[in-house]
Number of protein chains: 2
Amino acid sequence: MKREALTVELRKRIEGRLAEHGQRLTPGRTSLVRVLAAARRPLTIPELVDRDHTLAVSSVYRNLTALEAAGVVRRLLTDGEFAYYELADDLTGRHHHHVVCSNCGTIDDVEVSPRLEQSVVETANELARRIGFRTERHLIDLVGLCNRCV
Amino acid sequence: MKREALTVELRKRIEGRLAEHGQRLTPGRTSLVRVLAAARRPLTIPELVDRDHTLAVSSVYRNLTALEAAGVVRRLLTDGEFAYYELADDLTGRHHHHVVCSNCGTIDDVEVSPRLEQSVVETANELARRIGFRTERHLIDLVGLCNRCV
DNA sequence: ACCGTACGTGAGAATGATTCTTGTTGCAAC
DNA sequence: GTTGCAACAAGAATCATTCTCACGTACGGT
C-alpha cells in the first residue's frame, strides 16, 4: 500500500482543529486522514479498514467521531447499512456534493455550477426571513444511475 | 386520536401502485398512510407507533418497506438513530425538501424557489453529458438551527 | 530527565434499530 | 367450504455501532 505523507500545511490545520477540542493528532488519526485524502470520494468504515489493516475497528469509530467533532471529517447522511465519511470541504478546498447510485450504492464527489450554489444561498436567506431557520450548511445529492449501472 | 379518512382519490392511487407490485392496501397500511398524511413532516417509526397504538412494530417495518417499494412512501437519508418516512411527493402533489435542525434533529418540510429547482435540473443534465450519470431524483437539505434552537 | 495524570488504544462485550422466523388469520376465487 | 396466498403479531436473530476495561503512551510541572 502506498502511503503518501500529508502535506505539512494540512497536518498543521488538522492539529489546530483537534487542539481546539483538546484532542491530539495521533498515528491512528493520521492514517484515517491519509486514507480519506487519497480516496477522493466518501468511504465506509470497512473500506477504511481494508485500505489500512493496521486500523482497529473500534478505534476507527472512536477516532472518526473525534475528527468529526473537531470539524476535520464529515459523516454523510445515507440510508445504506454503513456510514460514509469524507474530509471536510474547507480542509480540501473543494466544496462539493454527491451523486449516489441507486443501484450499486456508490457515492462519488461532484462539483456543481456557481449558479446552483448561488440559488441555494438565496433560498437559505429567504428561509431565515420566513421561518427563522439559520442555515449552517447544505447538502445536494443527485440520486440515480451511475455510468456503470445505466 | 382523530382519524380522518383518506380521500377516495388518494386511496385509489395508492391501491393502484401497490397492485402493480402484487400487494394490497390493508388496514395496517391504510393507517400508516393516514398518519403520514396528517403529519405533514417526516416521522420516525416510534412516532408512527405513538400516533396509532394499534400498529405493531414489526408490521410497521414490513409495511413501510412494501409501501416504499411501491413508491408510496419514501425513506429519508439521515444519520440519526431512527429512519424517517414520508409520503411520496407525487402522491401529495407537493414537491419539497427539508430543513434539518442540527441541534434537536427535527426535520421539517419546505418548498424552495423554482429558480433553485431549475438550477438543479440544469446541473443534472450537465452531469449526464459529462460523466454519464442519469439522475432520477434530487435531494436538497438545509442543515442548521431551527427557530426554537437558535 | 523523572513521574503523574489524562488521553489513546484495541479486543471484545453490550446495545438497539432493523430484519427474519414462525405460526396464525383473513380475504378471494373457484 | 376449501385451497392458496398475502398479511399479520410476537419474539428471536442480525449486525453496525457504541461501550468497557486494562494497558500503553505522550505531555506538563517540577
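View 1. R134(A) has L145(B) as its bridge partner in β6(B). The model is predicted: local features need pLDDT of at least 70, side-chain atom pairs count only at pLDDT 80 or more, and totals for chains, interfaces and linings use all residues. Residues are numbered from 1 along each chain as its sequence is written, while chains are lettered from A and ligands numbered from 1 in the order in which they are written. L139(A) is bridged to D141(B) in β6(B). Helices (H or I, at least four residues) and strands (E, at least two) are DSSP runs, numbered from the N terminus.

View 2. An open sheet of six strands has the order β5(A)-β4(A)-β6(A)-β6(B)-β4(B)-β5(B), with mixed pairing; two strands pair if DSSP finds at least two bridges between them. At the edges lie β5 (107–110) of chain A and β5 (107–110) of chain B, each pairing on one side only. From one strand to the next, the twist averages 30° (axes are lines fitted to C-alpha atoms, for helices over the stretch in contact, and angles run from 0 to 180 degrees between N-to-C directions).

**View 3. The side of chain B that touches chain A.** In contact with 35 residues of chain A are 35 residues of chain B, where contact means that C-beta atoms, placed from the backbone, lie within 7 Å. Elements of chain B giving two or more residues to this side are α6 and β6. The largest share, 12 residues, comes from β6(B).

**View 4. The rotation axis.** Chain B superposes on chain A (RMSD 0.1 Å) by a rotation of 180° with 0.1 Å of shift along its axis, which is the relation of a two-fold axis. The superposition is by least squares on the C-alpha atoms of residues with pLDDT of at least 70 in both copies. Of the contact residues of chain B, 100% recur in chain A, so the same surface serves both copies. The residue of chain B closest to the axis is I140(B), at 2.3 Å (C-alpha).

**View 5. Surroundings of DNA strand C.** Among the 18 residues around DNA strand C, those that come nearest are G28(A), A56(A), S58(A), S59(A) and A83(B); a residue is near if its C-beta atom, placed from the backbone, lies within 6 Å. The largest share of this surface, four residues, comes from α4(A).

How values were computed
Contact = placed C-beta atoms within 7 Å.
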